[in-house]
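Okay, everyone, thanks for coming. Let me put the structure up, and then we'll walk through the pockets.

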Amino acid sequence: MDAQFDRVREILRGAASVAVLTGAGVSAESGIATFRDPDGLWAKFSPRELASMDGFLANPERVREWYAYRKTVATTAQPNAGHYALAALEQQTNGSFCLITQNVDRLHQRAGSRNVLEVHGNLIENRCNDCEAIRTDDVLVCPLCSGAMRPNVVWFGEELPQDVFAAAEQAAMTCDVMIVAGTSAEVYPAAGLPYTTKRYGGVVVEVNPNPTALSSEAHYLLTGTSAQILPHLVGDVP
Ligand code: OAD
């Protein structure tokens, strides 16, 4: 491993507060498609039809079917070495640790990560469109208020869950180092978090096989897949 790795490992060892921001690329090696890569979901499916309130109102059956398919893919997939390395990093950190994920597949939690902020929701739960009650069964109509149940995933044009994003911003402001793994860093407001870390004096480390919107701003670029790179950072690999 080169000097960059040694330096990042050292920074992580000395950090009192570590934040991680992950995106779809972290689950690619678990067989879950990303969004903006050439074989990604947005190359095959229309976000307007499947990931917006207008799309849901126009064809709720189609939208529910697509999320049911994605839920099956997620629940039958297994966490990969990158997810496990981040769970190990949480255990190794002497201080606070926060994993902010844009992923909706729950693989971080299944790999053992504890302090996870799901800023884009998840595929496991449904939420009432009216009273916001959360359920894990597949009822179509809210038993409390008769509103339409929808996937508990953030759609285009929607606000992120307020408390969750406020906690993510707090972590971005206070961390000594933020690892940004497997995200194109194009979707705001989540993509703004590493810039917040930088502004508050923290170190930003990007892990990605490809250049992204963030690359020129990151202090360290570790080029490769998350299942290859992340285990090296936590010392799982000699
Ligand atoms: P994208 O599909 O935009 O970006 C995936 C990133 O993962 C790219 O930068 C790839 O280079 C990288 N990548 C691919 N394979 C990888 C691997 N094995 N290891 C590490 N990185 C790899 O996905 P996100 O950035 O997560 O929003 O997209 C952000 C949001 O846009 C998603 O949360 C979703 C989408 O619309 C919602 O659903 C609300």
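So, which pocket is the space taken by the ligand? It's the largest pocket. Keep in mind that this is a predicted model.

Let's start with the ligand itself. There are 24 residues around the ligand, and the ones that come nearest are Phe 35, Arg 36, Thr 183, Ser 184 and Asn 208. By class, that shell has eight nonpolar, 13 polar and three charged residues.

The side chain of His 120 has an N or O atom 2.8 Å from a ligand oxygen. For Trp 42, a polar side-chain atom lies 3.0 Å from an oxygen atom of the ligand. On its own the ligand has 800 Å² of accessible area, and the protein covers 94% of that.

The largest pocket has a volume of about 860 Å³. Its lining counts 44 residues, with Ala 24, Phe 35, Arg 36, Thr 183 and Ser 184 nearest the centre. Helix H5 (60-76) and strand S8 (203-208) are the elements that give two or more residues to that lining.

By class, the lining of the second largest pocket divides into six nonpolar, six polar and six charged.

Okay, over to you.

Note on methods. Residues numbered from 1 in each chain as written. Predicted model: local features only at pLDDT ≥ 70, side-chain atom pairs only at ≥ 80, totals over all residues. Heavy atoms only, no water. Near = heavy atom within 4 Å. Polar contact = N/O pair within 3.5 Å; in protein donor to acceptor, adjacent residues only side chain to side chain. Areas by Shrake-Rupley, 256 points an atom, 1.4 Å probe, with all protein chains shown as cover. 1 Å grid on protein atoms, 1.4 Å probe; cavity = no way out; pocket = protein on both sides within 12 Å on 5 of 7 lines; lining within 4 Å. Sits in = over half its atoms within 2 Å of the grid points. Nonpolar A, V, L, I, M, F, W, Y, C, P; charged D, E, K, R; others polar. Points joined across faces, edges and corners; volume = space filled by probe spheres on them. Helix = DSSP H or I, 4+ residues; strand = E, 2+ residues; numbered from the N terminus.
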